[in-house]
Amino acid sequence: ERYRPEGLDGTIKDIAKFQFVKVDQQSHEISIKPGEWDMDKSLIIPPQYKFKVSAGTKINLKNNAFILSYSPLEFLGTKENHILIRSDDNSGQGLVVLRAGETSKIEHTHFEGLRSADKDGWKMTGAVTFYESPLEMSHSEISNNESEDALNIVRSSFSVRDSVFSGAFSDSIDIDFGEGVIENSKFEHSGNDAIDVSGTKIGLKNIEISFAGDKGISAGE
C-alpha cells in the first residue's frame, strides 16, 4: 500500500487544472509542456504513471507550491538546454518523490532557491527528496536551497554522478538507509555537512568538497 500524506492524494482531475500539464492515458505518461511556467499551486502526480519534463523547460514555484510525485520521474535536460526548477520568491517547496516504484532519471536539471515541503503537519527535510524511490541523477545541480538538506534520499538505491551542490543551507546530501554511489561531483559552501549518511552503504569516487560548515563526510550512525 502506498503511503500518501493526508489530503495529498492527487487525481487526474486535479491535474487538469494545470493548463501546461498533459496527461496521456494510453501511455500512462504525465508531462509538462515545453516552455517557461509559473506554478502557484502544488502539483501532485498519482501513482502508476511516468512523470516527464523535457529539455529547456523552466518551472518557477511560487506561493509555497511544491511538486509531489508517486510516480517515477524522467527529467531529461541536455548540456545545451537544461531543465530549471526554481523559486523566484523563495517560497517554492521543492520536489518530493514517494514510493515511486521504478527508478527516476534526472539529467542536466538545475534546482535553485527551493525550500522543503511543509503542509498541515506533513514536513520533509530536503529541497529534493526521494523516499523509497530509486534515483539516477547526473550532470545536475542543486544550489542555494533554504531547507535542512539539499538532497535527501531515504530507503532508496541511488547514483549521483557529475553533479554540483552549492550554497546548501545545511547538509548538501543526507542519505538514510540507502545504497549507491556518488562520483565525479562537487560540494561547495555547505552550511553543515557536505555528505551525511546513516545506515547506508555508499561508494565515493572523485569527490571535491570545499568550504563545508561542519564535516566533509559524516558517517556517524
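A salt bridge is counted here when a side-chain nitrogen of Lys or Arg lies within 4 Å of a carboxyl oxygen of Asp or Glu, and the structure holds 12 of them. The model is predicted, so local features need pLDDT of at least 70 and side-chain atom pairs count only at pLDDT 80 or more, whereas totals for chains, interfaces and linings use all residues. Residues are numbered from 1 along each chain as its sequence is written, and side-chain values use heavy atoms, with hydrogens and water left out.

**Salt bridges**

- Side chains of opposite charge can pair when their charged atoms come close.
- Lys 52 pairs with Glu 29, with 3.0 Å between the closest N and O atoms; this links distant parts of the chain, since Lys 52 belongs to strand S5 (residues 50-54) and Glu 29 to strand S2 (residues 29-32), 23 residues apart. Strands and helices are DSSP runs numbered from the N terminus, helices being H or I of at least four residues and strands E of at least two.
- Lys 52 is partly exposed at a relative accessible area of 23%, and Glu 29 is also partly exposed, at 27%, where buried means under 20%, exposed means over 50% and partly exposed lies in between (1.4 Å probe, protein chains only).
- Glu 74 forms a salt bridge with Lys 50, the closest N and O atoms being 3.8 Å apart; Glu 74 sits in strand S8 (residues 73-76) and Lys 50 in strand S5, 24 residues apart, and Lys 50 is partly exposed at 25% relative accessibility.
- Arg 99 and Glu 132 meet in a salt bridge of 2.5 Å, N to O, which joins the loop between strand S10 (95-98) and strand S11 (104-107) to the loop between strand S15 (126-131) and strand S16 (135-138), 33 residues apart.
- Arg 99 is partly exposed, with a relative accessible area of 25%, and Glu 132 is partly exposed at 24%.
- Through shared partners, salt bridges join Glu 29, Lys 50, Lys 52 and Glu 74 into one network.

- S2 has a covered face made of Ile 30 and Ile 32, and an uncovered face made of Glu 29 and Ser 31.
- Strand S1 (residues 21-24) pairs with S2 in the antiparallel sense over 4 bridges, pairing being assigned if DSSP finds at least two bridges between two strands, and Lys 22 stands opposite Ser 31.
- S1 and S2 form a hairpin with 4 residues between them, and His 28 in the turn has a positive phi of about 55°.
- S2 and S5 run parallel and are joined by 4 bridges, with Val 53 in S5 as the bridge partner of Ile 32.

**Nonpolar cores**

- A nonpolar core is a set of buried Ala, Val, Leu, Ile, Met, Phe, Trp, Tyr and Cys residues joined through side-chain atoms within 4.5 Å; the largest has 46 residues, and those touching the most other members are Ile 32, Met 39, Leu 43, Phe 51, Phe 75, Leu 151 and Phe 165.
- A second, separate core of 10 residues includes Leu 8, Ile 44, Phe 66 and Met 124.

**Ser 116**

- Ser 116 lies in the loop between strand S12 (109-112) and strand S13 (118-119), and is buried at a relative accessible area of 13%.
- A polar atom of the Ser 116 side chain lies 3.3 Å from the backbone oxygen of Met 124.

Definitions and conventions
Polar contact = N/O pair within 3.5 Å; in protein donor to acceptor, adjacent residues only side chain to side chain.
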